[in-house]
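Trainee: Could you show me how to read a few features of a protein model, one step at a time?
Mentor: Gladly! Let us look at the structure together and begin with a single pair of residues.

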Amino acid sequence: MLMRTDPFREIDRLTEQFFGTTARPAVMHLDAYRDGDFFYAAFDLPGVDPDSIDCTVERNVLTVRAERRRAGGDNVELVAAERPMGTFTRQLFLGDTLDTDRLEAGYENGVLTLRIPISERAKPRRIAVTAAGNGRREIRA
């Protein structure tokens with residue numbers, strides 16, 4: 001059984017209530033990386049119902065929203081409440097080099113993973129150099 005009173009936890013709880021952090025849960029933790037021709041963003045969302053996750057892209061701004069609800073009922077007696085609950089939101093500003101029209105999202109083991117392809121115009125490409133008459137060179141892309 002859990003200990004019901006902890007004076008230090010009570011001080012933490014009062015501090016959280018005073019500064020409002022229980023109303024504004026902690027931010028989603030994120031890992032972002034590039035692997036080959038794809039950019040990945042992985043968000044930690046343990047205990048979140050996949051149906052509550054909302055991903056939108058508007059003008060290179062990716063917004064991820066998710067909600068974690070506390071289990072409840074008439075006969076539930078809450079003994080400890082330390083996990084942040086409520087709505088979580090995170091925004092990423094994506095560069096023009098990403099093809100957001102082909103963004104893919106998957107949720108597994110409490111991690112939301114977004115896979116965004118690098119756009120063709122951002123990939124390295126070879127530029128042909130042709131020689132014009134009179135020793136001048138003209139460069140065309």
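**Strands, a loop and some rings**

Mentor: The bridge partner of E58 is V61, which lies in β4. This model is predicted, so local features need pLDDT of at least 70 and side-chain atom pairs pLDDT 80 or more, while totals for chains, interfaces and linings use all residues. Residues are numbered from 1 along each chain as its sequence is written, and side-chain values use heavy atoms, with hydrogens and water left out.

Trainee: How many bridges join β3 and β4?

Mentor: Strands here are DSSP runs of E, at least two residues, numbered from the N terminus, and two of them pair if DSSP finds at least two bridges between them. In this case β3 and β4 (residues 61–68) are antiparallel and share five bridges.

Trainee: In which order do the strands of the sheet lie?

Mentor: The order is β3-β4-β5, an open sheet of three strands with antiparallel pairing. Its edge strands, β3 (54–58) and β5 (86–93), each pair on one side only.

Trainee: Is S119 buried or exposed?

Mentor: Buried means under 20% relative accessible area, exposed over 50%, and partly exposed in between (1.4 Å probe, protein chains only). S119 counts as buried because its relative accessibility is 10%. You will find S119 in the loop between β7 (111–117) and β8 (129–131).

Trainee: Which residues does S119 touch?

Mentor: A contact means heavy atoms within 4.5 Å. Leaving out residues up to four places away in sequence, S119 touches D96, T97, L98 and D99.

Trainee: How is a pair of aromatic rings described?

Mentor: By the distance of the centres and the angle of the planes. Rings of Phe, Tyr and Trp (its six-membered ring) pair if their centres lie within 6.5 Å; planes under 30 degrees apart are stacked, over 60 edge-to-face, and the rest tilted. This structure holds two such pairs. Y33 and Y40 are stacked, at 5.2 Å centre to centre with 15° between the planes. F38 and Y40 are tilted, at 6.4 Å and 50°. Together, Y33, F38 and Y40 form one aromatic cluster.

Trainee: What lies over the face of F38?

Mentor: A charge sits over a ring if NZ of Lys or CZ of Arg is within 6 Å of the ring centre and within 35 degrees of the ring normal. Here R115 lies over the face of F38, 3.8 Å from the ring centre.

Notes:
Helix = DSSP H or I, 4+ residues; strand = E, 2+ residues; numbered from the N terminus.
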